[in-house]
Structures are given as C-alpha cells and as structure tokens.
Amino acid sequence: MTDPKMNGAESLVHTLLANDVNVCFTNPGTSEMHFVAALDHIPGMRSILALQEGVATGAADGYYRMAGKPASTLLHLGPGLANGLSNLHNAKKAGSGVVNIVGEHASTHIELDAPLTSDIEGIARPVSHWVHTSHSAATVGADAAKAVQASMKAPGQIATLVLPSDTAWNEGGVPQDAVDLPAPAPFDESQLAQAVDALDGPETLLLLGGGALTESNLETAGRIAAKTGCKILSEWSNARLERGAGRVFVGRVPYPIDIALKVLEPFKRIVLIGARAPIGFFAYPGKPAILTREGAEIVKLADAGADLGAALTALSEGTQASATPPAHVVEASMPERPDGPINLDNLAALIARAIPEDAIVVDESVTTGRAFSPATKGAPKHTWLNNCGGSIGYALPASIGAAVACPDRKVMCLTGDGSAMYTVQSLWTMAREKLDVTILVFANRSYQILRGELTNVGVANAGPRAVDMLSLDRPALDWVQMSRSMGVDAVRVTDCDGLEDALADGLSSGGPNLIEVML
C-alpha cells in the first residue's frame, strides 16, 4: 500500500530496489540530501561514496560489465554531472547500463539563476541514451522505473534522471514495482545467407565484439572457424572478454594503424557479430582511416544490441559447424620466470604468471600493455575488461565496480601513471570498502602514448618544450606515498624479483594494494 506521507526520494529508492538496482555510487551535495536520507533508512541499498564524480560513473561502468545489471549514481547538479562525463562517455561506448541520477535545484529556485544553476539535460544528452526530468514527487517512482528499463536496453544504455530537490522532499511519492526488461533486438536474418556464403576459407574474417565474447559464444565462433577455415578476431577495445586456458582464444585488431592494415589486408570478406567495421582511433596524415582492404565485402549480421548468441548459433547451423570441435582452444601454459630489470616482455610474463583462476583484469595499460594479450592467453581462466571510449582515468574506478559486483573474485588493475592520476581518488574508496583489488601502476613518468602520437601525426624532431608537455616529472609522482595516504598498502618495484614477490603478496592480501612498477 502506498504511504501518502512517502516523499519522492523514498519512492525513488523503493523503486530502484524493486528493480534490483541495489548499489549506488555517489558524490552527493545539498540538492541530494533527501535522497541521502532515504538511502539511510530504507534497507537494501549499498551506498558507496566516491571523492570525485568520475570515480562514481566509472565504477558504475565496471559494475554493469560484471554484474549484468545497472548500478545507480547520485551526482550533484550540473557541475557534478560534468565531472563524471568522461567515464559516462566510456560507459556509453562500452554498452554499459547506468541509472544516472542527478540532483537539481528546486523548481522555484531555478529562475533565480543561483551559482550552480546549469542546463543539466543539455550536459547529459551527449553521454546519455535517455534523459528525463521529474516534475513532481508523484512521478519520481514511475520515472525511475522508466530509467531502469531504458538502462537495460541491450547491450546497455545510460539513462539520466534529473530530480529537482522539491520532488525529493515533497510528499506524495508513489513507488513502482519491477518493470519488464527489454529483450535484445533480433539479428538481421536477411543477411544470414550472405554471411554463411562469405565464411569460406582464410580470406574471410569473423569479427566479434560486445556480447559475442562470452565463453559460450566464443566456443561457437571457434566451431565456425574450424568448419569454414575463416579467421576470428575481436575489436581492439572490448567491454568484457573471457580468456584463458580451455577457452577459445581470439586476438584483437591492433591499435597501431600500420600494423592493423597488415593484419586486415588478407581479408576479402568480413562478417560482423556485435562489432563495427574496423577504423582507426584517430586520423593521421597520409594514412587511411578505414582499415579494411579496398573492396572488402562487409556483412553486418548483428550489431551490439542484437541477440548475438542467436546470431552465432544461426551462423553455426548455416555452416554446419554445430558438431565440429572448436578451433583455437588454448592449452594451459606459463611463461618462463624472467629475472633482471623490468622491460615490457618481462612485465607481460610476470603478469601472466600471476593471474589467479577466475580473476578480473581491468586494463588501461595503453602503450605498456600491447604485449599482454599473447603472453597471458594460456593463463588460468579470467575476464579482461578494456577501456572502450578512450578517455583515460577509467581503470581505477572500473575496478571498484568490478570488485563490488564480484566480491569472490580477485581484481587486477593495470594502468599507466598518467591515466591513474585522473581518478586517483579511487584508492580512497577501495580502502574504505575493503575491496580485493591489486593495482599495477606502470610508472614511466610520461604520457608515453602521446610521444608516439607526436611522430604519428608527422611532427619530426620535437623540441624540449614539446617533450616537456608529455612528461610527468618536475616533480616525479610518488605512488607509494599517494596510495598510503589514502589507506592502500603500496610498494615500489624495480626488478622482476621484486615484482613477482609484490604480486604474490598483493593477490593474497584480500584487500586493496598498489604496486608502483618503475619502467
């Protein structure tokens, strides 16, 4: 029975809980205090404080990828939303569902143009699929239910609900029961026959993305590859990829343009399942942006929002691959133990040796990590998460969300020092929530990827001023001190022995810890 004295904030929390949204990553302000109060006295919602909004939105991204359902955020007005935009962008590109709740001034206060007044809907639209402002306490529950429904449209969407503070404190809230969640769209059956015909020999590529990269879907893809002789690859950036011994291995389309062009040149036919036709991350002088060979036949069987399992099953049946043992199943393997100074090859080997069974690896290693994929393919079964939007500062927050979603699994976070500084406040939340996350910060003390990009865009003989803009020294960052100041144990390593010991200690600790890897 509806309580006539229930306020809008309370109806919001009851509605979220009824729809299995029971985690809130938050950095609230004055306009959200009634929502904070509702979180306090209504049981069932886990509220996790972030010291910066980009941490909250990035954590919601990581949570969805591992839980398969949305978390909510709670952000303060337009500026708070603006602080979270970068990781909402990444979440949108990853196909993550987020119920993004943003407080607003009371309707009577907006016309006064107070200092924090802004166009919240206008700020939200570029990173949201669905945007709505509630106009009374009586509609908050229904609007929240619609937000949850929108967030669960496959593969996952950003739903931003703007709530003026008077809709929170006014009575008359009406909570809503669980809503029906939308089913994935059907794949394009009109393209099935063409896709089946295209999969014929090594000049054909089956390119996978999104939900096509589950263990079962990869096994189906492996059967198709074994039967037809086609090759399989995934996109460069993947929201979630199941990997390791006993699973079908899929390589990624390389990031560097010249390497990608060579890898994709042999393919006259490409069938897309949850993936886009390959393009470059950026434009470069004198280089193509489209990475496929000229005249390649592109068959789009299913986009990211379609039922990718059904598409692969239909493709398997059409190619008569259903009974064929899958190709590319990886055997367990372990790189030899390296010693001496840490270089990129040694680093990849040590990470491969350390990955625990069923671990979650959150990867924002950018330049450092390009050798990680082949080195780690024979490690114990694990899940690998990439930054799909390219906006740095993703890995630390996403690790929070992954650890909250899967408290029984080890999380390894791989990040560069430049990327990690964008959301360094994540360490505090990890300590506060006692999350089982082992962080490797690759400290080359520079924006190393941009040094390479300087050459790629045609800048030759860069001078000291240009190089200085890409350097992280004067002063050098001290990750051990920063980490310890926020309650996370930390150690600095300079050689292979030190890193191997630090990984073993960190992964067995049961709580957050950080390893500064000097490169």
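Biologist: With which strand does S7 pair in the parallel sense over four bridges?

Modeller: This is a predicted model, in which local features need pLDDT of at least 70, side-chain atom pairs count only at pLDDT 80 or more, and totals for chains, interfaces and linings use all residues. Residues are numbered from 1 along each chain as its sequence is written, and side-chain values use heavy atoms, without hydrogens and water. Strands are DSSP runs (E, at least two residues) numbered from the N terminus, and two of them pair if DSSP finds at least two bridges between them. In S8, Ile-232 is the bridge partner of Leu-206, and the strand paired with S7 over four parallel bridges is S8 (residues 231-234).

Biologist: Which residue of S11 stands opposite Leu-206?

Modeller: S7 is also joined to S11 (residues 269-273), in parallel, by five bridges. The residue of S11 opposite Leu-206 is Val-271.

Biologist: How many residues of S7 are buried?

Modeller: Buried means under 20% relative accessible area (1.4 Å probe, protein chains only). In a regular strand, side chains alternate between the two faces of the sheet. On one side of S7, Thr-204, Leu-206 and Leu-208 are buried, as are Leu-205 and Leu-207 on the other. The number of buried residues in S7 (residues 204-208) is five of five.

Biologist: What percentage of the residues of the chain count as buried?

Modeller: The C-alpha trace spans about 65 × 60 × 45 Å along its principal axes. Of the 519 residues of the chain, the buried share is 54%.

Definitions and conventions: Buried < 20%, exposed > 50% of the residue type's maximum accessible area, 1.4 Å probe, protein only.
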